Amino acid sequence: MAVLEILVYPDERLRQDSLPVESFDAALQQRIENLEDTRLAGPGAVGIAAPQVGWFERVLIIDVSGRKKTTSHGRLVLVNPEITEWDGYAMGREGCLSVPDYTGNVVRAERIHLDAFDAGGKPLGFDMEGFEARAIQHELDHLDGLLFLDRLVSRRQDLFRRKVYKES
Ligand code: NI
């Protein structure tokens, strides 16, 4: 078990583009395990993306199954994820392990289709909606060097300070 350090805004490394995973080898499995250990050690994070621990490859983990009134595919390890369809728009509150002191209101697609690979290289496809679709869009942004802060229409109106971390 290895809990890794989380990069925190304004760390410039969070701005890097991450590269596609090319080999589904034992090293990948080990890094995924460390990423999951880090997610679980944090305060209730529904998702984590590899660049948040300084690993600049296109890997993320989400699990929104603990949230009420949310459709969910359970815990997903997603390698080289790609959104291929977007539908609808909704505003919702987001938090991030890399922005621990704030939450923000962000507009995201309500429904998406996601293509990805699992940790073993098997192709996956999902139709997702609601908070799960939102979580995917948030984590995928990390792979492109973006934070939810970049998606706020207005920092004055859409950014909220918090005292105790709890993933929204
Ligand atoms: Ni985040």
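**Pairing, burial and overall form in a predicted model**

Biologist: Three bridges join E4 to strand E6 (residues 159-161), and the two run antiparallel; what makes them a pair?

Modeller: Two strands pair if DSSP finds at least two bridges between them, and E4 and E6 have three, so they meet the definition. Within this pairing, Gly104 stands opposite Leu159 in E6. This is a predicted model, in which local features need pLDDT of at least 70 and side-chain atom pairs count only at pLDDT 80 or more, while totals for chains, interfaces and linings use all residues. Residues are numbered from 1 along each chain as its sequence is written, and side-chain values use heavy atoms, with hydrogens and water left out.

Biologist: What are the elements of the protein chain, in order from the N terminus?

Modeller: Helices (H or I, at least four residues) and strands (E, at least two) are DSSP runs numbered from the N terminus, and by that definition the protein chain holds three helices and six strands. Their order from the N terminus on is α-β-β-β-β-β-α-α-β.

Biologist: Which other strands pair with E4, and over how many bridges?

Modeller: Strand E3 (residues 76-94) is joined to E4 (residues 102-117) by twelve bridges in the antiparallel sense, with Glu82 opposite Asp115. Strand E5 (residues 123-129) also runs antiparallel to E4, over seven bridges, and there Asp127 is the bridge partner of His113. E4 and E5 form a hairpin with five residues between them, where Gly121 in the turn has a positive phi of about 95°.

Biologist: How do you know that E2 is paired with E1 and with E3?

Modeller: Strand E1 (residues 47-49) is joined to E2 by three antiparallel bridges, and Ile48 has Ile61 in E2 as its bridge partner.

Biologist: Why is Leu76 called buried?

Modeller: Buried means under 20% relative accessible area, exposed over 50%, and partly exposed in between (1.4 Å probe, protein chains only); Leu76 has 7%, so it is buried. This residue of E3 is in contact (heavy atoms within 4.5 Å) with Leu60, Ile61, Ile62, Phe126, Met128 and Glu132, leaving aside its neighbours within four places in sequence. The C-alpha atoms of Leu76 and Ala119 are separated by 9.5 Å, although the two residues are 43 apart along the chain.

Biologist: What makes both faces of strand E2 (residues 59-62) count as covered?

Modeller: Val59 and Ile61 on one side, and Leu60 and Ile62 on the other, are all buried. In the protein chain, buried residues make up 49% of the 168 residues.

Biologist: How do you know whether the protein chain is as compact as a globular protein of that length?

Modeller: The three helices and six strands belong to a chain whose radius of gyration is 15 Å, close to the 15 Å that the globule rule gives for 168 residues, so it is as compact as a globular protein of that length. That radius is taken over C-alpha atoms, and the rule is 2.2 Å times the number of residues to the power 0.38. The C-alpha atoms fill a box of roughly 45 × 35 × 30 Å along the principal axes. Among contacts between residues at least 6 apart in sequence, 68% join residues at least 24 apart.
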